[in-house]
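This briefing concerns charged side-chain pairs and their surroundings. Please look through the sequence and the model before reading on.

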Amino acid sequence: MTYEELKIQMDNSGHSYDEKLIGKAYELAREKHEGVFRKTGEPYIEHPLSVASILVDLGMDSTTIAAALMHDLVEDTDVTVEQIEKEFNSEVALLVDGVTKLGMIQFSSLEEEQAENLRKMLLAMSKDVRVMIIKLCDRLHNMRTAEGWKPQKQRDKAKEVMDIYAPIAHRLGMSRIKDELQDISLRILDPIGYEDVAHSISRNGSAKEFVDNVVAEVKAKLDEFGLKDATVFGRVKSVYGVYKKVYILNRDFGDIYDIYAIRIILNNLSECYNALMLVHDMYKPVPSRFKDYISSPKSNGYQSLHTSVIGKDGVPFEIQIRTWDMHYTAEYGIAAHWKYKIGLQGEDNLDSKMAWVRQLLERQQESDDNDEILQGIKSDLVPDDTYVFTPKGDVISLPTGATVIDFAYAIHSAVGNRMIGAKVNGKMVPIDYKINNGEIIEVITGPKDKGPSRDWLNIVVTSEAKNKIRSWFKKERKEENIVEGKAAIDKEMRRNLINIPDDEYDEFMDEVARRQKLNNKEELFAALGYGGLQTSKVMFKVRDVYDRMQKKAQRESKPVVTTTPPRKKVRSVNGVIIEGMGDCLVKFAKCCQPLPGDDIIGFITRGSGVSIHKKSCINAQPENIDEENKNRWIAAYWADDIKEDFKASLEIVALDNGMALADISTALTTMRVPIFSLNAKQTSDKRLAMNVTIGVTNTEHLMSIISKLNKMKTVISITRM
């Protein structure tokens with residue numbers, strides 16, 4: 001690519017460019033890159049010229065072209081941003097500075113760094129999306145010339161494209177850029193798979209010949225019925241698009257209906273729907289393969305009618321029908337704003353198109369967990385849309401796999417927080433029901449003070465719902481969060497046999513909090529409690545601080561708390577380790593009904609194995625143990641991978657309104673809690689006293705159940721028996 005060729009391309013583009021500005025930028029870039037060559041051997045100036053050429057094809061403005069020509073100057077030469085601003089203007093300087101800063105971002109394998117770097121990219125995009133458009137074109141040309149890199153660098157850059165740049169191109173609606181980035185990267189990462197798919201696409205004769213024949217048939221039909229202005233052309237699905245369905249989604253090649261696609265471009269909406277009827281008359285439509293993205297656009301602004309049909313020779317293909325404005329948006333995405341001057345007025349302006357970036361950044365503020373931030377951003381960048389309806393007919397778009405809880409929070413935070421159930425197409429569904437295209441969903445809400453359940457964080461899939469749930473717990477349940485968080489980390493430390501002396505506990509946890517960039521242990525416990533941090537992630541810091549504490553104790557010749565379990569521990573079938581004993585019969589004492597999470601101790605019975613009690617059980621207290629049985633008490637621990645269910649008994653006192661017993665039973669059934677026994681009697685003060693034995697997995701599960709029951713208006717008190 002030469003500057004003369006770039007000028008010819010600009011002249012033939014149909015757009016008016018500021019050749020003085022662009023020429024001045026080229027001269028500065030040529031001068032500063034003089035004598036520098038790329039790994040592939042060509043002069044370095046060909047790279048910025050090629051990037052500018054891609055941007056001209058996208059129809060970008062003169063400012064963007066000038067910035068692209070100088071995008072490597074600040075990083076690679078002695079030119080400064082201030083110099084560019086002085087010699088050109090602040091707008092060009094802002095774009096060059098933005099692209100320079102993006103170029104400095106290196107994506108490592110560390111979740112913390114990836115999450116922070118993604119945030120930086122989104123922030124740059126929110127200030128001026130042209131920064132990201134230049135960066136995408138820069139990466140595209142680099143991938144086109146990737147043979148100049150060493151094999152490992154090729155793979156690293158290809159992986160970066162798949163994880164970061166292609167999803168961003170998709171979210172910006174730039175399908176041409178996205179498809180080429182993915183195909184080049186796939187050829188590097190899996191050359192055998194790439195060649196296999198490419199061969200499969202064209203093995204049944206000439207793909208081009210098949211597409212050309214269908215185009216001719218469709219064009220003739222549209223002309224016959226008066227749609228002579230229609231433009232009809234075909235395309236073959238990108239190699240990565242087919243690869244994803246065959247290798248990742250495990251679909252048979254013959255079951256993919258959109259390998260070949262025919263596009264029909266018309267002048268207005270009524271012509272689009274008329275054309276749809278005509279093609280359904282020509283070919284047999286495939287049931288359930290029709291999608292109306294015109295009335296329900298995708299989250300990146302894409303609009304089109306999609307229908308899959310079976311051709312006369314039995315080959316399936318897709319037909320896409322759209323207007324010209326829709327086509328420009330589908331092909332160029334956000335770049336169509338400059339190329340075709342659409343979206344400059346009314347609600348469809350550039351700011352509204354980029355609002356999702358700011359919303360995405362805002363939604364990440366409630367979480368302190370970098371892994372969850374990273375996954376949340378990535379899932380928002382590549383949403384696979386499902387379209388459902390409210391009872392009033394409003395369309396809600398959610399990612400595939402979203403639940404009715406996600407739907408409730410997509411309506412409004414208050415709707416999600418008050419949700420107690422949902423109906424799909426008029427029928428009640430479980431709280432974790434996954435929505436499907438076209439369903440009508442009605443959210444059933446409870447009282448205003450009803451809040452979400454902590455368990456919902458493990459059910460919802462959208463970052464929006466997760467952050468709104470966390471936000472509620474963070475604001476409304478601070479003291480409860482601290483208790484929940486402390487219990488969770490203490491339990492995990494016990495499971496890992498990390499024992500901190502009481503007089504060192506506060507200092508130890510404060511240090512762990514500081515490692516998490518929090519001020520003190522209370523903030524750490526609160527973040528764990530409302531779900532802003534995951535216990536498993538905090539344990540990395542706990543182990544690090546603990547190891548340092550041990551090494552310090554060794555240097556000072558202090559006794560060191562060991563994490564090595566006793567050698568003779570053997571796990572029984574009931575999920576309990578008995579110190580110093582092999583496999584033996586284990587049963588759980590009925591007097592205290594211990595659960596995983598309770599501190600336990602074993603009692604060697606005569607002929608009935610070992611009976612497991614809570615350490616707090618009245619029968620295990622020293623004052624209640626006679627001299628004869630003192631030596632029959634033995635240390636016991638819960639195993640790490642307990643899978644059994646346990647029984648727990650609760651005493652529930654409720655207002656006797658005639659429905660309390662039914663309401664509590666229904667609540668337990670809704671939570672999928674097995675009920676082994678339930679006895680109830682009316683007290684003299686018109687209250688209902690119930691003794692219920694239920695199945696639970698551990699103390700955490702039990703506390704969750706108690707917490708939910710306590711939210712019921714009729715419940716007065718709940719005591720574990």
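At 36% relative accessibility, Glu-91 counts as partly exposed, where buried means under 20% relative accessible area, exposed over 50% and partly exposed in between, with a 1.4 Å probe and protein chains only. The model is predicted, so that local features need pLDDT of at least 70 and side-chain atom pairs count only at pLDDT 80 or more, while totals for chains, interfaces and linings use all residues. Residues are numbered from 1 along each chain as its sequence is written, and side-chain values use heavy atoms, with hydrogens and water left out.

**Salt bridges overall**
- The structure holds 28 salt bridges, each being a side-chain nitrogen of Lys or Arg within 4 Å of a carboxyl oxygen of Asp or Glu.

**Pairs between separate elements**
- Glu-91 forms a salt bridge with Arg-130, their closest N and O atoms being 2.6 Å apart, and Arg-130 is buried at a relative accessible area of 6%.
- Because Arg-130 lies in helix α9 (residues 129–144) and Glu-91 in helix α7 (residues 90–103), the pair ties together parts that are 39 residues apart in sequence; helices (H or I, at least four residues) and strands (E, at least two) are DSSP runs, numbered from the N terminus.
- Arg-720 forms a salt bridge with Asp-598, with the closest N and O atoms 2.7 Å apart.
- Arg-720 is partly exposed, with a relative accessible area of 25%, whereas Asp-598 is buried, with a value of 13%.
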